[in-house]
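Welcome! Here is a short briefing on charged pairs and a nonpolar patch in one protein model. Take a look at the structure, then read on.

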Amino acid sequence: MFFVLLFAFTTFLFKNAFSTYFLNDDFFFLKITRINSFSQFVNFFSPIRQYSYKPVSTEVFYFLIHLFNENIFIAHLLGFFVFYIGIYYLYKIIFFLSKNKILAYLTTGFYAINFTHVFQLYYLGTFQEVFLFTFLAISFYKLLTGKNTQAIIFFILALLSKETAVLFVPFLIIFKLFVNKKISWKKLVPYLILGLLFTFIYQYSLNYVTSLDNYKITSNLRLVINNFLWYFLWALGLPNFTSLYFTSILKPPVPEFYKMLSNFPEIKTFYLLLISYYSLFLILLIYFFTKQIKQLRRFFYLFILLFVYFFIFLGPILFFEHRWMVRLTLPLIFIVLIQTYLITNFIKAGKILRLISFILIIFYLILNILGVFIHESSGTFLLESRFTTSAKKYLAKNKKEILKHKYIYFIDKIAIVPIPWGGSEKLKVTFGGQNFIDHYFPGSKIKAIYGFEDKKIPKDAFVVNSFDILLLK
């Protein structure tokens, strides 16, 4: 009954994901997975490519989407199904390790409804994070319960879903050294070998990926510390756009921050609720440890361990200039677990602490309901989905005429400055350059030209005013 209610509420909370249409990288993956033979399917698993090697969470996933006739609802339903399997195994892991149902339920619930999942559940291109989370959760549980072959199979599936799955290896080593010394090194040898093997396999495609501006690795200690702090603050609940208003963690926000608060009262309410939540949490924490001082050392060691895990699963993203909340999928678990472990102990400590703990839980619930609403607006997924859905209507209406031409030219024809949403420049990003052509006009050799790049309209071009798509309801 708990999982029925949790999954029903989570589905309702993130319900707008189900209507989010294809956008950006989706068009690229839809294009390369339009295959006609088994040998082409096998080729999905070749590591020789100029983009990230994630065959299960990209090629296989989008191949399945093709099988379902590119039905966007079914595509998201499949993603949610994988996510819920991961949530269920997260519960089983925590209960197996703690033998505490309250902790397992609370951690699972806190994690499932966290607003950061807007960045993993709305855009099909980020479902790789969900696949990674679920396959690693299953693998870890199978390892804990002695089903070693199954554990290794799911670890391989995780490795085929995202390169950061290799971080599971140092996680297991630390787990063996400091948590469960009964796990033999013999059991961990296959993970070490697979981790090294896939690190080598990833090298070819990563050489291309890390050449992109967003993914260039920068060996800068200040950047690493700054990234770590922001990811940690995001995991605690700060909105994703907060970092835009701070030149430094140690300095006050820029004046535009206060303008933003006055213009968007729901964001101001969110910050106030967040401050209230952690203020109440801190008061409870201080009171609890004045009564339970003997437990302080045990709690301290546990928190250090969870912080180390948080750091491990952030991994190489700490070296990227580009920060993105989507990357919190695995690290978030350990920050949530710190909170739920404390709340679980508060609940056991007496009636007053139990009552205040329930207030904390209600605070967390309200924060994340409001957080989902705010991040649906601050993120671009719903906006870009609106553009691609509009494009679907517009291009279908004019399809016969468009196919008579060699080019489709997007012109920025509007008497508004600055150009809303960036005009044709935004469309190029949302459409994935030329990749949208294969989706809207399968088999066509028509070429898209964007007005912001080339002001000259070529001969034999079907001209589209960018704003006939951007402003179409």
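**Salt bridges and a surface patch**

Across the whole structure, a search turns up 8 salt bridges. Keep in mind that this is a predicted model. As a reminder, side chains of opposite charge can pair when their charged atoms come close.

**A buried pair**
- Glu 163 and Lys 54 form a salt bridge through their side chains, at 3.3 Å from N to O.
- Glu 163 sits in the loop between helix 9 (148-159) and helix 10 (168-178), and Lys 54 in the loop between helix 3 (38-42) and helix 4 (56-67), so this pair ties together parts 109 residues apart in sequence.
- Glu 163 and Lys 54 are both buried.

- Glu 401 has 37% relative accessibility, so it counts as partly exposed, while Lys 404 counts as exposed because its value is 60%.
- Another salt bridge joins the side chains of Lys 428 and Glu 453, at 2.4 Å from N to O.
- Lys 428 belongs to helix 20 (residues 424-431) and Glu 453 to the loop between strand 2 (447-450) and strand 3 (461-465), so the pair links parts 25 residues apart in sequence.
- Lys 428 is partly exposed at 30% relative accessibility, and Glu 453 is partly exposed at 49%.

**A network**

**A nonpolar patch**
- Leu 221, Ile 225, Leu 229, Ile 249 and Leu 250 make a nonpolar surface patch of about 500 Å².
- Ile 225 lies in helix 12 (residues 221-236) and counts as partly exposed because its relative accessibility is 45%.

Methods: Residues are numbered from 1 along each chain as its sequence is written. This is a predicted model: local features need pLDDT of at least 70, side-chain atom pairs count only at pLDDT 80 or more; totals for chains, interfaces and linings use all residues. Side-chain values use heavy atoms; hydrogens and water are left out. Patches are made of residues with over 30% relative accessible area and no salt bridge: like charges are joined within 9 Å, nonpolar side chains (Val, Leu, Ile, Met, Phe, Trp, Tyr) within 5 Å. Accessible areas come from the Shrake-Rupley method with a 1.4 Å probe; for residues, only the protein chains shown count as cover. A salt bridge is a side-chain nitrogen of Lys or Arg within 4 Å of a carboxyl oxygen of Asp or Glu. Helices (H or I, at least four residues) and strands (E, at least two) are DSSP runs, numbered from the N terminus. Buried means under 20% relative accessible area, exposed over 50%, partly exposed in between (1.4 Å probe, protein chains only).
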